[in-house]
Amino acid sequence: MTIERAGIRYKFIFLCLILFAFANVFLIQVLLVYESRENVKSEGFQDEKSEPTLKPSSTTDFSYRRIQFVSNGVDSFFKQSIFSTKHEHNFSSLLTVSPVADEVNVWNLASKWVSSSQIWPKEAPQLSHVVAALKQKKIVAADVSTKGTQLKLALVLEGGQQVLFKPKWYDRDHVITGNVYGGKDRHNGEVAAFHLARLLGLNRVPIAAMRKINLNTEILPVASKILSRTFYRKDNTTCFYGVCTYCRPTDGVCDDRRSLEGAIVLWLPQAFQLVKHRHPWQRSYSSAPAKWQMHANYCSLVKRSKKYQDESKLLNLIETSIFDFLIDNGDRHHYERFASGGPVLLIDNGKSFGNPDADHLDILAPLIQCCRVPERIVSVLTQLQNGALSSWLVKLMTTVENDTSPPILNLKHLQALDRRLKLVLSAVLKTRL
Ligand SMILES: Nc1ncnc2c1ncn2[C@@H]1O[C@H](COP(=O)(O)OP(=O)(O)OP(=O)(O)O)[C@@H](O)[C@H]1O
Ligand SMILES: [Mn+2]
């Protein structure tokens, strides 16, 4: 009797355990489905129309095989008429430097360049004067920056110009492994991205320059209380950790006992208010895949939303994905446009040039999944093949950044740019077959 009762009890416990396990699996499934639905909902681009059926297929495969990259084949194909360019791009005109009269205020000059469709004009022979001012003008005020999550300073330069200072975290040869959005900002990436944008005619990147700042003589005397409170000394160096989401007393940036290098980014005129939009190809920032990583016809879902009915907006994101793939920026979770309208602005290129050995092909997802590409960028890229991209970029950078040592990008990153250009053209080719 006792043995029989004990048997029943064990059976009951066993049954309960099985039921409990099933309930858990069910609950996890429900949560996963709910989470993936929430991811899409919160992207803020879907409207009332019912979702098309989403089928997984090869356009969620972002491997080299998917791109079908055949280096020699691509070279010859792009010489054929299908890609012959109607316009010859005159990159050497970007090297022209014309003088600025003494009475001209460079800050006013740069501010007048801004319109709802651009941050600077494609031909800007006076650009190097603005860059020089960013590099040299006296710092008259320094504060923490309340924008974004990464450590940066809000500075005011002589003449009342507001700028951001994104400090150096890594030496040039440091390689960021792991997640494409991992690590801290790469200040040199911010500046290199600006010059790459000049080369590609994407005049929607804030003007950025490299600058070495003496924290003790240039920042502390003009620093706000809230900023100076975050300064400390470590091994005879001066450090600070600022105020921001990821700013911690245990995690600051330090000078090299003389100065701290960083990127100075020119602030856009107050009259041009920014509107932030969630990027439809935003990463999930968790182990769960984002919807665009799971569904082949994700692009059709985006196209059906009111926001992207105007195809130029989608083409803008596709062009942005090419730019981001070249610089290895997998962190464009949001994008901004001027409230007055205009194209996608390429603000925040700090998470770039992290790993020269990696090609994160999924950054090209908008191009691969939508199979569309603006002709202008293809014609520019076609003319920058066979090493021309990196050599023009170096010329552009050194014309205005002649005193930057070490160079803004090391050889491996320059080679990565040329390699990734071929991959972009291969992906473009794929959209035309
Ligand atoms: N040059 C600029 N002119 C005007 N506003 C700017 C400029 N640079 C950045 N901003 C504003 O500040 C915000 C934060 O800047 P940024 O994205 O560079 O910082 P972040 O800390 O890297 O942000 P996140 O953590 O979101 O990636 C931008 O979204 C934009 O609204
Ligand atoms: Mn950022």
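These questions and answers walk through a predicted model of one protein chain with a ligand.

Q: What is the mean pLDDT of the protein chain?
A: The model is predicted, and it scores ipTM 0.99 and pTM 0.87. In the protein chain, 84% of the residues reach a pLDDT of 70 or more. The mean pLDDT of the chain is 88.

Q: Over which residues is the pLDDT below 50, with 14 contacts beyond near neighbours in sequence?
A: Two stretches need care. Residues 47-52 stay under 50 and have eight contacts beyond four places in sequence. The stretch with 14 such contacts is residues 30-44.

Q: How many helices and strands does the protein chain have?
A: The chain has 433 residues, and 37% of them count as buried. Among contacts with a separation of 6 or more, 75% join residues 24 or more positions apart. The secondary structure comes to 14 helices and eleven strands.

Q: How far apart are the centres of domain 1 and domain 2?
A: The domain assignment gives domain 1 as 58-90 + 272-431 and domain 2 as 92-266. The two touch: 40 residues of domain 1 are in contact with 41 residues of domain 2. Taken over C-alpha atoms, their centres are separated by 24 Å.

Q: Which element gives the most to the side of domain 1 that touches domain 2?
A: By class, that side of domain 1 has 21 nonpolar, 14 polar and five charged residues. The elements giving two or more residues to it are H10, strand S11 (341-345), helix H12 (375-382) and helix H13 (388-400). The top contributor gives seven residues, and it is H13.

Q: Which residues come nearest to ligand 1?
A: The shell around ligand 1 draws at least three residues from each of domain 1 and domain 2. By class, the shell has eight nonpolar, four polar and three charged residues. Of the 15 residues around ligand 1, the nearest are Lys 147, Gly 148, Thr 149, Gln 150 and Asp 348.

Q: How many residues of H10 are buried?
A: Helix H10 covers residues 311-327. From its first C-alpha to its last it reaches 25 Å, close to the 24 Å expected at 1.5 Å a residue. H10 is mostly covered, and its buried residues number 14 of 17.

Q: Is Arg 257 buried or exposed?
A: Arg 257 also has a positive phi, about 80°, and is not a glycine. Its place is in the loop between strand S7 (253-254) and strand S8 (260-266). Arg 257 has 10, so it is exposed.

Q: Why does Leu 134 count as buried?
A: Leu 134 is found in helix H5 (residues 127-136). The cut-off for a buried residue is 20 or more other C-beta atoms within 10 Å. Leu 134 is buried because its count of such atoms is 25.

Q: How far apart in space are Leu 134 and Arg 211, C-alpha to C-alpha?
A: Beyond four places in sequence, Leu 134 is in contact with several residues, including Val 163, Ile 207 and Arg 211. Leu 134 and Arg 211 lie 77 residues apart in sequence. In space, C-alpha to C-alpha, the two are separated by 7.8 Å.

Technical notes: Residues are numbered from 1 along each chain as its sequence is written. Chains are lettered from A and ligands numbered from 1 in the order in which they are written. This is a predicted model: local features need pLDDT of at least 70, side-chain atom pairs count only at pLDDT 80 or more; totals for chains, interfaces and linings use all residues. pLDDT is the predictor's confidence in each residue, from 0 to 100. Two residues are in contact if their C-beta atoms, placed from the backbone, lie within 7 Å. Helices (H or I, at least four residues) and strands (E, at least two) are DSSP runs, numbered from the N terminus. The expected span of a helix is 1.5 Å times one less than its number of residues. A residue is buried if 20 or more other C-beta atoms lie within 10 Å of its own, exposed if 12 or fewer, and partly exposed in between; C-beta atoms are placed from the backbone. A residue is near a molecule or strand if its C-beta atom, placed from the backbone, lies within 6 Å of it. Ala, Val, Leu, Ile, Met, Phe, Trp, Tyr, Cys and Pro count as nonpolar, Asp, Glu, Lys and Arg as charged, and the others, Gly among them, as polar. Domain bounds come from an automatic or database domain assignment.
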